[in-house]
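Good morning, and thank you for making time for this item.

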Amino acid sequence: MKLAAVVGLAALAALAAAPLVLEPYPLTLLLQFFAYGLALLGLNLLFGYTGLLSFGQALFVALGAYSAAVCTRKLGWHSFELVLGVAVVTAVVVAVPVGLLCVRYVSIFFGMLTLAFGMLFHSFLFKFYTVTGGDGGMLVERPSLLGMRFSEMDKTTFLTRPFYWYALGLLAVGTVVMWRLVHSPFGVHLSAIRENPRKAEYLGVEVRRLRLIAFVIAGVYAAVGGTLLGIRTGLADPELAYWTHSGNLIFMTVLGGFSSFAGPLVGAAVFIFLQDSLMSVTQYWRLVMGMVLVVIVVLFPRGLVGLAQALRARVIGWRRDARAD
Amino acid sequence: MPALIETRDVSKRYGSFNALSGVTLAIAADEFVSIVGHNGAGKTTLVNVLTGLLRPTSGTVTFKGMDVAGVGPVRLARLGMARAFQLVHIFPGLTVRQTLAVAVVSQTGKAFHFLTSLARDAQVQERVEAVARLFGFEQLDLEARSLSQGAKKLLDVASAFALRPEVILLDEPTSGVSTGDKHQIMRVLVDAAKSFGVKAIIQIEHDMDLVSEYSDRVIALHQGQVLADRPPAAFFGDAELVATVVGKRRVRD
Amino acid sequence: MTSFLDILLGGVFHAAVLFLVAAGLQLVFGVQKIINLACGSFYALGAYTGISAVTWALAHGLPRGLFLFALIGAGLGLAVIGPPVEALLRTVYRRDEAFQLLLTFALVLIIEDILRMIWGANPQELGNLYMDYGTVGKGALTVPTYNLLVIAAALLVAIGLGLFLKRTRFGRLLRATAEDRETSATLGIEVGRVYTVVFTLGTVLGTLGGALVVPTAAASLDMSVDLVVEAFAVVVIGGLGSIRGAVVGALTVGLMRAFAVSFVPEMEMLSIYLVVIAVLIFRPAGLFGKAAA
Amino acid sequence: MPTTRRTVLKAMAGVGLAAATRPLASYGASGGQTLKIGILAPRSGVAGTVGECGLRAALWAKDRANASGGILGRPVELVVEEETNPKDTIQRLNKLVLQDKVDCVQGIVSSGVSLAMGPAAEDMKALTLFWDGTTQDGTEESMPHARYVFKSTDNECEAVMASLLAIKYWRGKFATVAGVNPDYTYGRNNWAAFQALLKRFGVEHKVVAELWPKVGGLDLSSHVAALKAAKPDLVFSSMLFADLPIFMKQAHAAGLFETTKFAFPAAGWQHTALKNDFTPEGMIFGHNTLYFAYPNASPLQKEFVKHYWDAYKDYPNWEAERAFFAFAAYKSAVEKAGKAKGGAFPDKEAIIDTLEGIEVESLGGKARFRKDHVADQIFYQGFTVHDPRYDFAILGNVEVRSAEKLQKPSGVTFKDWIANGKIEI
């Protein structure tokens, strides 16, 4: 626990200082990292800790973005706290019924059912043009943070200063809460479900109910991430709910390593910065990303964090042998 | 003394094959019951019915007076009935400590403690260490998958005991363990039962030495029916009964 | 009355197209329990290669009427990509389904760019070549013969696969491996070889389907991502792993879309997902699949 | 694009590998303080072909400018990024403006992306010239009075012109009408414009079918069957992706063309795919701001079309003209503003003031930006004919109209303009 806390605080300090040091552009990338970090913390509670592969998590990211759009644009509520509240409530209201249906199944069936729900939401957004704006999507206006409008700032400064720190705060809180969750009694029951659901039942673990709670928590985390994305882009559009977006969320999680707590956060950061630099270098960036995914899946199933841990263990091993000789 | 578990005229049919027919039993506190019989005599089906996994085709099953027919293992675990399997069931990726903690968390009703730290929960850790000590586990932070086959079996049973159940059903607890250790395990089970206040142990067992030495009641099943229900001495005294239940040669393994 | 028949035929044709996309996905899942997200990409590869093959063949003297054989040649020729892809998948057979799913997702990304590298961004198509086979019927109810050919091809594949799995020795071998991989391995069935053949067969079903259908349509870059969703709908409704299920699933989706377009245009795509969700809730294994919750 | 001439091997040598090896980031002459223009164009998916056409025109315009000493003596460099979905394209815009510090951003095809880009560019004070994108609902909402963003002609121009042609030549020859429009904002706006114009000019009509095929769908046999059942006299369709040639093929096979008239306001994007053997004569086709085979086209257009054929063995569509116009307008504005300041390089505000109302010679002829930042170019539509020189349908008698007569003047909403604005047939 000690090392994790130190690493966590160091990262937090570095990220907090970034706006004073870095150019605005990398800060906009970090903003995307905060949004995806939250979404992946939720996804990994489901995937890494409870053993359920959701292939429709983008549904909740889109839900968050559209909540931000409806609040700021249609209802004129500009307080970000209100937007977050609406996004969380919407996520729960959608996640409970969808979850009730999905948690009865596991592995491939759970994945396909969540994919079907994701695509249902995508075609609803696309289809009911008069309500949702169809493929044009819905604009998201700039919110006020803790009541402050910062109207004297242009949007880039707003995004890379106050909104940046607010989003970093959300990610920090989200990370601490998730850390407590997975290390709580509730967390060990989730891990038991992942390892052996039948045996867990015999030890009194309410498998379906806990899977549903994990599904709802994952949905809420993804929706909060979605509001950050919506405000950063200034628009919520149906592509956010497309199945390939869910695929990318899983790509990031496995890239970082789904069997460790920090894996998804590392995966999100690496994915965002890697894709950004690739897109400027070659028009065939999808090919390169596809190959990176193949290498990770085949050679480093425990992801980058798993790789780092293995290297660290080996280094410690060498040092111990060296001392022993 | 009121019966802990009671079945009245329970039968279970799979299509035309009736695995159990007309089984009426009552198991009270302080009994160590062994269920014996050929493979296919209905032993496992009976345990599945008793543990709420299977709903009987007809008849009633009550636990502490409550009808528990087919109610499912989760509720029964909460009511105080635990079960360990013939095939080892463990959580490969969890440590010994975590495995036992899963049972203790259920039993102490802390499953919905979202934000408290499990590691720093004194009550839970204390109970975990007590069970571990009793079952002879020194290193609690080893992953279950890295344990020996015997240790895995022991952990499986230990996690059932960690539920502090009133009744525990064991499906051949010593199978796959060398004959030398069998008695050692049985002694651990009996001590654990005593110290955790387990009221009754029901076990499916093929090894007649263990049946005669430890159980104080033998229920013999044959083609889904209760052939005999008597103390070990009376059971082993009746050669003809032993022959039909156990078959000609004595079980050596 | 003819309009009803017309819509019905449109629906059956769409069902045939869907079946050719879904059959490969179904076979591979049935035996290897792998969901191949790249089934749409193989289909697209078949379409693009089919067009280039026909163009090349016609330029080298193949009579116009025989373009069908150039298509079939292209579709079958792509069987060559089956074994290497299966070898890649083999590295993750023992691991969590997520890894197999992700590996096929990586293939989707890779193949999309390969298509663009070789054939560029413009949609490719074969003009009216398929009309060389004329039309059938008269008056309002005229249908291109080629469409009937596609329907026949889909039927042929459906029946052929059904018989192959039931009647032939290798087919029974496949079903045994599908039932239980471990025991069939112990029985001496060379599971590795079976998987290579099955995956290659699944690939060819996709590429052949893509090549056969492309004359009536076109090959464009976004088809590999779009087709996956419809193929999923077909497989889920019909039931995972069952060829008969894929036929029924394809017919359900094809006819529903055809009639939705004519009577409830707004609900065209949405109706498919609602059926998928309904099936997954009430009959999770699909109409013909084996329950595997 | 005619496939007979493009074999697999040639494609590998031509577009594919060459583009991959040369760093995409910057095509451009080096030396001197380079003038950087950021280009955002789709390279893959449904609109990939259109984005590529626009990019080719921008490259040509850049090379022509650099050949004559760049802009105000500064060599021009294009920094090309890919337009995908709104979320990622805003990220590319940020990179161009904040990291590459480009002097001007040009591009964008999809309406959804342009809706997000407008406010973002305004906020970042990034001079942006759209190629395409803006739809009716979007423009009013997101950019009521843009300062840094210059928008393309309204998306409905092509629908307005096609409707006017249909009324002018076919009034009285059709009673029942059907719509087969792509199921997204663009398709819905065009279909609404067509019906509004029929009402405006009192054309009696009954809508017998209103179909919304999925954008880029590959099987339209059900839609063709529905149309045959409805037996419309006139079909209005603003389909413009790979689904258009498929629809034509399947409609032709079903004998739909014998009795029904067709108007395709956006056929220009797929012109080389609409082969003669399934595209009858006498249909209204919209080539919009660039008709490559226009008999009395300007020398500039002729030079470009020749270059386009030599380089890519293909014929350009109107996206090339949109890209060229954006580049030419910017170049001319910089030069005019520079001259006014005695040759020193003008600042952004001066360039914008000059851009407002600027008129340049573009590929499709005279084109200008109105004071309200909306483009005003010349549109070409006409009736299809079969011409031995091409295996695809081109236009017989070509009507030429400036966008002024096809789009709402500034300060008037689209609905008001259609209902009571000055519109001549």
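Let me begin with a definition: a nonpolar core is a set of buried Ala, Val, Leu, Ile, Met, Phe, Trp, Tyr and Cys residues joined through C-beta atoms within 7 Å. A residue is buried if 20 or more other C-beta atoms lie within 10 Å of its own, exposed if 12 or fewer, and partly exposed in between, with C-beta atoms placed from the backbone.

What you see is a predicted model, in which local features need pLDDT of at least 70 and side-chain atom pairs count only at pLDDT 80 or more, while totals for chains, interfaces and linings use all residues. Residues are numbered from 1 along each chain as its sequence is written, and chains are lettered from A and ligands numbered from 1 in the order in which they are written.

The largest nonpolar core has 442 residues, and those touching the most other members include F34(A), F19(C) and A22(C). Helix α1 of chain C, residues 2-32, gives the most to this core, namely 18 residues. Helices (H or I, at least four residues) and strands (E, at least two) are DSSP runs, numbered from the N terminus.

Which residues does A22(C) touch, leaving aside those up to four places away in sequence? They are A231(C), V234(C), V235(C), A246(C), G249(C) and A250(C). Here, contact means that the C-beta atoms of two residues, placed from the backbone, lie within 7 Å.

Turning to chain C as a whole, we find twelve helices and two strands. Its radius of gyration, taken over C-alpha atoms, is 19 Å, close to the 19 Å given by the globule rule (2.2 Å times the number of residues to the power 0.38) for 293 residues, so chain C is as compact as a globular protein of that length. Of those 293 residues, 58% are buried.

Finally, chain D is divided into domain 1 (8-153 + 297-376) and domain 2 (157-288 + 378-420), with bounds from an automatic or database domain assignment. The C-alpha centres of these two domains lie 28 Å apart. Where they touch, 21 residues of domain 1 of chain D are in contact with 21 residues of domain 2 of chain D.
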